[in-house]
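This briefing is intended for a reader who wishes to relate the sequence to its fold. Please look over the sequence and the structure shown here before turning to the points below.

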Amino acid sequence: YDYSNLKQRAEFPQFVTDDGAAGNPKCWSKLRAQAADSEESELDYDVTLCGGTLGIFIAMALQLKGHRVAVVEAGKLMGREQEWNISMQELEELVEMGVLTKEDVEEAVTTEFPGCRAGFKNSEVTPLEGSYFENGVGYECFTPGVLNLGVSPSTLIANVAKRFQSMGGTILEGSPLKGIVVSDTLGAALDMGEDAEPITTKLVLDCMGNASPISRQQRIGRKPDGVCAVVGSCAGGYDRETNLIGDIIYTNTEIEDKGDNGQLQYFWEAFPVGIGRKGNEPGTSDVKTTYMFTYMDASEDRPSLTMLMDDYWKQLPIYQPSISDPETDLDVKRVLFAYFPTYRDSPLKPQWSRLLAVGDASGIQSPLSFGGFGALTRHLDRISTAIDEALEHDLLHKSDLAEINAYTPNLSAAWMFQKAMSARMGKKVNSKFVNRLLATNFDVMNEMGPNTMMPFLQDVVRIDGLVGSLARSFVADPAFMPEIVAHVGIPTLVEWLGHVSMIATYNALHTVATPVMTPFVDKMEDPKERFLWRRRMDAWKFGSGNDYVFEE
C-alpha cells in the first residue's frame with residue numbers, strides 16, 4: 001500500500017461522498033424525504049450537468065431525448081470571446097443530432113479559410129519545398145478543410161441555451177457547487193450552499209473540465225502522466241495579405257535546452273480571424289490567434305507558464321516575420337495560457353454510482369490536443385445515446401456507467417506520440433529529433449492522402465493510417481528507428497504495441513462482429529445485457545477510429 005497516498009486522500013476535502021454520515025445533512029434529508037414519499041414526489045431532475053460552457057450541448061442532446069435536464073453553472077453561462085476552431089463536418093454532426101440548427105451554424109461561424117499548414121523545420125524557411133533529407137531543413141504541407149472555421153462561442157452557446165430553455169430545460173447560473181452526495185439506491189443531491197435548497201437528480205454529469213474538483217478528488221495523489229502547456233494571444237497588426245490560412249502544428253526551431261528546466265520542443269498553431277464570412281474577404285483582416293505549446297512531463301522542475309510566455313513573445317517575430325516588436329507592432333486583444341494535464345488511464349471510469357465525467361473531465365481528449373469543443377463533438381452522440389439508455393433502465397451503478405467511459409486503444413496509443421514529441425527530464429535528446437521524426441512522418445502521411453492525414457489531424461487514430469504511415473516511415477528513414485526506440489524506451493514501446501494490436505482487434509470486431517451481432521443485441525430481453533453489449537460495440541467503433549466519417 002502507498003500509505004502516503006492514503007494519508008493524502010484522508011486529508012483531501014471530500015467534494016463527493018457516498019457516506020451517509022458525511023456531506024451536507026440537508027442533501028441527505030431531501031433525498032430520503034423524496035424517496036419516502038415516492039408516489040407523490042420525485043427527484044428534481046433526471047440528469048444534472050455541472051459546468052455549462054460545454055455541458056449545454058450535452059444538456060441539449062438529452063433534453064431532445066425527453067429527459068428533465070438542469071445545467072448548474074458557477075458564473076454566468078456564456079462563451080468566451082476567443083473563437084473556437086473546428087471543421088464544418090464536426091458542426092454538421094451536431095446539426096444532424098438536432099443540437100444545433102443550420103441557422104445557429106451560419107450565425108456563429110465568423111471566420112472561414114481554406115485550411116491549415118503543418119510544418120516541421122530546424123529553422124524558419126518559408127516557403128519550403130522537398131523532403132527533410134532533400135532540403136536539410138524540414139518539411140511542410142497543406143491540408144484543406146481542417147480546423148478552418150472560426151466559431152463564436154458566445155453566439156453558439158447563447159443560441160443553444162435559449163432553445164434548451166424553451167424546450168423545458170433549466171439553467172441555474174450563479175450557482176457554485178459545494179459538493180455532491182450519492183446514494184446508489186436513492187439518487188444524488190447537489191450541495192448548493194447553506195442558504196440554498198439542494199438539487200436532487202438521478203444522474204450527475206461532470207462537465208467541469210480538467211480542473212474539476214470531482215476528478216481531482218478521484219485522482220488525488222496521482223501526478224499527471226503528461227502535460228501540454230499552451231501560451232498565446234489574439235492580436236491585430238499582422239500582415240493582411242499573408243493572413244490567409246492557419247497552422248495546425250508547426251515548428252521552426254530545434255529542441256531547446258532550458259538547463260535545470262529540461263529540454264523543450266516548441267510547437268506553433270495559428271488561425272486567421274475575421275475573414276471569409278460576414279462579408280469579410282480574405283486579405284482584409286490583420287487579426288490572428290497564435291499559440292505556442294509544448295509537451296512535457298509533470299516534473300516540478302519544468303518551466304512555469306510565465307517563462308513560456310516570455311519565450312513566446314521573443315520567438316513570435318521569427319514565426320510571424322511581418323512584425324518585429326510585439327509590444328509596439330501588435331494590438332493585443334487577449335492573452336491566453338493554460339496547462340492541460342493528461343493521464344494514461346483515460347477516459348476516467350467513475351468511482352461513484354450516479355456520477356459520470358464527460359468531456360475533458362474524463363480525459364477523453366487526445367493527449368496531443370487541447371481538448372474542448374472538438375473533443376466533445378466527436379463523442380456527443382455516443383455519450384448522449386448511452387446516457388439516455390442508462391436513465392431509461394436505471395442502469396446508473398458505477399459498473400454500468402464505466403462502460404460509457406470504456407477503454408479505447410487508439411486514445412491509449414496516442415500516448416507514445418506525446419512521449420516521442422517531448423524530452424524526459426535528465427535525458428539529453430538530439431536537438432533535431434522531433435523535427436526529423438515529424439517531418440518524415442507527415443511527408444509519408446501526405447503522400448498517402450487525405451484519408452490518412454485528415455483523421456490524424458483531428459485526433460482520430462485508425463489502424464490503416466497508423467500501420468501504413470509507420471511502415472513507410474521506416475522505409476524512408478530506417479537508420480532513425482534505433483534512435484526512436486531509445487527515445488521512447490522499450491517498456492513504452494511494448495505497451496504501445498499492445499494498444500496497436502487492440503486497435504486492430506477492435507477494428508476487426510467492429511467490421512465483422514458488429515453487423516452480425518446488432519440484430520441479436522436489439523432483441524435481447526434483459527435491458528442490462530442489451531446496454532452492455534451496445535457499449536461494447538461503441539467501444540469497438542470509437543476505439544478503432546471507425547467513427548470517423550470520410551468526406552465523399
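The structure is a predicted model. Its chain has 552 residues, and its radius of gyration of 24 Å agrees with the value near 24 Å for a compact globule of that length. The secondary structure consists of 19 helices and 20 strands.

**Overall form**

- Along the principal axes, the C-alpha atoms of the chain occupy a box of roughly 75 × 50 × 50 Å.
- Buried residues account for 56% of the 552 residues in the chain.

**The seven-stranded sheet**

- An open sheet is built from seven strands in the order S7-S6-S14-S17-S18-S13-S19, and its pairing is mixed.
- Strand S7 (138-144) and strand S19 (331-342) stand at the edges; each has a single partner strand, so one side of each lacks a neighbour in the sheet.
- On average, neighbouring strands of this sheet are turned by 15° against each other, direction ignored.
- Within the sheet order, S18 and S13 stand side by side. Strand S13 (residues 226-236) pairs with strand S18 (residues 288-296) in the antiparallel sense, over nine bridges.
- In this part of the sheet, cysteine 234 stands opposite threonine 289 in S18.

**The three-stranded sheet**

- Three strands make up an open sheet in the order S4-S8-S5, with antiparallel pairing.
- Its edge strands are strand S4 (84-86) and strand S5 (109-112), each of which pairs on one side only.
- Neighbouring strands here are turned by 30° against each other on average, direction ignored.
- Three bridges link S4 to strand S8 (residues 149-151) in the antiparallel sense.
- Isoleucine 86 has leucine 149, in S8, as its bridge partner.

- Strand S10 (residues 179-183) is mostly covered, as five of its five residues are buried.
- The burial of S10 extends to both faces: Gly179, Val181 and Ser183 lie on one side, Ile180 and Val182 lie on the other, and all are buried.
- S10 pairs with strand S1 (residues 16-17) in the parallel sense, over two bridges. Valine 16 stands opposite isoleucine 180 in S10.
- S10 also runs antiparallel to strand S11 (residues 187-191), to which five bridges join it. In this pairing, valine 181 stands opposite alanine 189 in S11.
- S10 and S11 form a hairpin, with three residues between them.

**The hairpin loop**

- Threonine 185 is located in the loop between S10 and S11.
- Is threonine 185 buried or exposed? Its relative accessible area is 68%, which is over the 50% cut-off, so threonine 185 counts as exposed.
- Threonine 185 and valine 109 are 76 residues apart in sequence, and their C-alpha atoms are 45 Å apart in space.

- Rolling a probe the size of a water molecule over the atoms shows where empty space is left.
- A search of the whole structure finds two cavities of 30 Å³ or more.
- The largest cavity has a volume of about 80 Å³. It is lined by 13 residues, of which Arg382, Ile404, Ala406, Thr408 and Ala539 are the closest to its centre.
- Helix H11 (373-392) and helix H19 (527-543) are the elements that give two or more residues to the lining of the largest cavity. H19 gives the most, with four residues.
- By class, the lining of the largest cavity comprises six nonpolar, three polar and four charged residues.
- The second largest cavity holds about 60 Å³ of space. Its lining includes Ile214, Ser215, Gln218, Trp352 and Leu355.
- To the lining of the second largest cavity, helix H8 (213-218) and strand S20 (355-357) are the elements that give two or more residues.
- Seven nonpolar, three polar and one charged residues make up the lining of the second largest cavity. Lys349 is among the residues that line this second cavity.

Key
Residues numbered from 1 in each chain as written. Predicted model: local features only at pLDDT ≥ 70, side-chain atom pairs only at ≥ 80, totals over all residues. Heavy atoms only, no water. 1 Å grid on protein atoms, 1.4 Å probe; cavity = no way out; pocket = protein on both sides within 12 Å on 5 of 7 lines; lining within 4 Å. Points joined across faces, edges and corners; volume = space filled by probe spheres on them. Nonpolar A, V, L, I, M, F, W, Y, C, P; charged D, E, K, R; others polar. Pairing = 2+ DSSP bridges. Axes fitted to C-alpha atoms, helices over the stretch in contact; angles between N-to-C directions. Rg over C-alpha atoms; globule rule 2.2 N^0.38 Å. Buried < 20%, exposed > 50% of the residue type's maximum accessible area, 1.4 Å probe, protein only.
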